[in-house]
Amino acid sequence: MIHFYPLQKLAKYVNIERIEVRIMCVGIPAKIIECDEISAIVDISGSQREISLLTLDAQAAAGDWVMVHAGFAVTVLDPAEAEETLQMMLDMANE
Amino acid sequence: MNNIFSNIDAVKHMTAAISREADPERAYRIMEVCGTHTMSIARYGIASLLPANISLVSGPGCPVCVTSQADIDNSIDLAYGAARKLDSGAVQITTFGDMLRVTGSDGRSLYNAKAERNNVHIIYSPLDTLSLAKDNPDKHYVFMAVGFETTTPMAAGLVHTAAQQGISNISVLSMCKTMPAAFDLLLADPNAKIDGFLCPGNVSIITGSSIYEPIVAAKKAAAIVGFEPMDILSGVLEIIRQINKNDYHVANTYTRAASSDGNKKAQALTNKIFEPCDARWRGLGWLKGSGMAIRYEYMDYDAISLYNLNTRREEQPTQCRCGDILRGYIAPSACPLFGKACTPMTAVGPCMVSSEGACAAYYKYRI
Ligand code: SF4
């Protein structure tokens, strides 16, 4: 998975031991392990926690990647799209 | 985990394009609105990759930094049981860790309250408040809600869920804010002299791109970008092109997460619980309709009315220059206290306390 902040990097970035305490605005990518309508268990770089799906406006299933803000999934991430975006940026620089 | 958006070859390719296209005859002042961008830019040394005539200026997008002194004082009073109508001892605070060390006018902080009274709990998600409240029905939990469009839905989610589950020993002290009024202020400010804005991707996931239309209507460039070096650099290139061609539109290089409509479900949740109100910003003053107040129907969850807090209380002037920094007037190093009286361990102002504050970023990465 290639999105945004790998967790260890993030820990260094905000200079904390426990990753969970200070991240407010930064979205963290997480993989859904299991879910129902309103909540999901996700894997965030090896640690599991429950998140809310109250603010997710798309269907998600086990195995999907979501962006998590303060314990809420806000969007489904598509790893293939990340590659495409990078290509688009590189093309843009070639114009 | 390999991060393609910080790939060094890609970054070189992009900075070469920027150097090629930036007109050496003119200066470009680009504001990164969001604190997370400020941190990324400092951390990756992005400013040093750009030609000298492109400057990146920090903006008012760190929620802890823009929280007014009055709101901070109210939070600390609440933690110390000084607010009116308070059964002292029963009040418990839940908060994001960033708020902990911001000092009140009397020099105390939530961190002091945590040490002295053990009633401040650091949480990751507002929903963590629910389990605390369920386990301790004799105590009342107040969640300190700071944040922009990105984080307000999560505070709304807490109130919504508490109401649904009939949990009554929870309330929210809303210091939530919205970006548009701050953009209007910066656009109208002749001293800020901003040519283009790097717009926060995380906010855009929720709001979509329409909130940035006033920027381009005022003939300034705008690009919605993510938080990796390639995201930021592609935004800079986009902004330079818009300026060079005198053709302004809201560009989006963060399509992998943010759509043009945003997240309707999150917007609906926010609007169900909150309504706009006037809000006081540190450094920017009162901005009309820029705050989020809990709706009348959910009054039982509103700490401001529950504890009769005065959001208009007077503020003491301090030497801290956070206000000028948030408006883009000065860089943190221009503050006389920076790195001397004010360091992350002895922070005077919130811009040094918050992990996303401009002063903290400048200090940590020695800019
Ligand atoms: S260096 Fe400290 S005192 Fe100066 S503006 Fe930043 S936070 Fe305020």
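A residue is called buried under 20% relative accessible area, exposed over 50%, and partly exposed in between (1.4 Å probe, protein chains only). By that rule B:R241 is buried, at 9% relative accessibility.

This is a predicted model, in which local features need pLDDT of at least 70 and side-chain atom pairs count only at pLDDT 80 or more, while totals for chains, interfaces and linings use all residues. Residues are numbered from 1 along each chain as its sequence is written, chains are lettered from A in the order in which they are written, and side-chain values use heavy atoms, with hydrogens and water left out.

**Salt bridges**

A salt bridge is a side-chain nitrogen of Lys or Arg within 4 Å of a carboxyl oxygen of Asp or Glu. Over all chains the structure holds 9 salt bridges. Some of them are listed here.

| Pair | N to O distance |
|---|---|
| B:E21 and B:R241 | 2.8 Å |
| B:D77 and B:R313 | 2.9 Å |
| A:R49 and B:D128 | 3.3 Å |
| B:R26 and B:D195 | 3.5 Å |

Helices and strands are DSSP runs, helices being H or I with at least four residues and strands E with at least two, numbered from the N terminus. B:E21 lies in helix α1 (residues 8-21) of chain B and B:R241 in helix α11 of chain B, so their bridge ties together parts 220 residues apart in sequence. B:E21 is partly exposed, with a relative accessible area of 22%.

B:D77 sits in helix α4 (residues 69-79) of chain B and B:R313 in the loop between α13 (303-306) and α14 (322-326) of chain B, so this pair joins parts that are 236 residues apart in sequence. B:D77 counts as buried at 17% relative accessibility, whereas B:R313 counts as partly exposed at 23%.

B:R26 is partly exposed, with a relative accessible area of 30%.

**Where chain A meets chain B**

With contact taken as heavy atoms within 4.5 Å, 48 residues of chain A and 65 residues of chain B take part. Buried area is the accessible area (1.4 Å probe) that two parts lose on being put together, summed over both; between chain A and chain B it is about 4,800 Å², of which carbon and sulfur atoms give 62%. Across this interface the rule finds 1 salt bridge. The elements of chain A that give two or more residues to the side touching chain B are α1 (7-14), β3 (47-52), β4 (65-69), β5 (72-77) and α2 (79-94). Of these, α2(A) gives the most, with 11 residues.

**Aromatic pairs**

Rings of Phe, Tyr and Trp (its six-membered ring) pair if their centres lie within 6.5 Å; planes under 30 degrees apart count as stacked, over 60 as edge-to-face and the rest as tilted. The count comes to 6 aromatic pairs over all chains. The ring centres of B:F183 and B:Y212 are 5.7 Å apart and their planes stand at 80°, so the pair is edge-to-face. Both B:F183 and B:Y212 are buried. Another edge-to-face pair is B:F227 and B:Y254, at 6.3 Å centre to centre and 80° between the planes. B:F227 is buried at a relative accessible area of 5%, and B:Y254 is buried at 1%.
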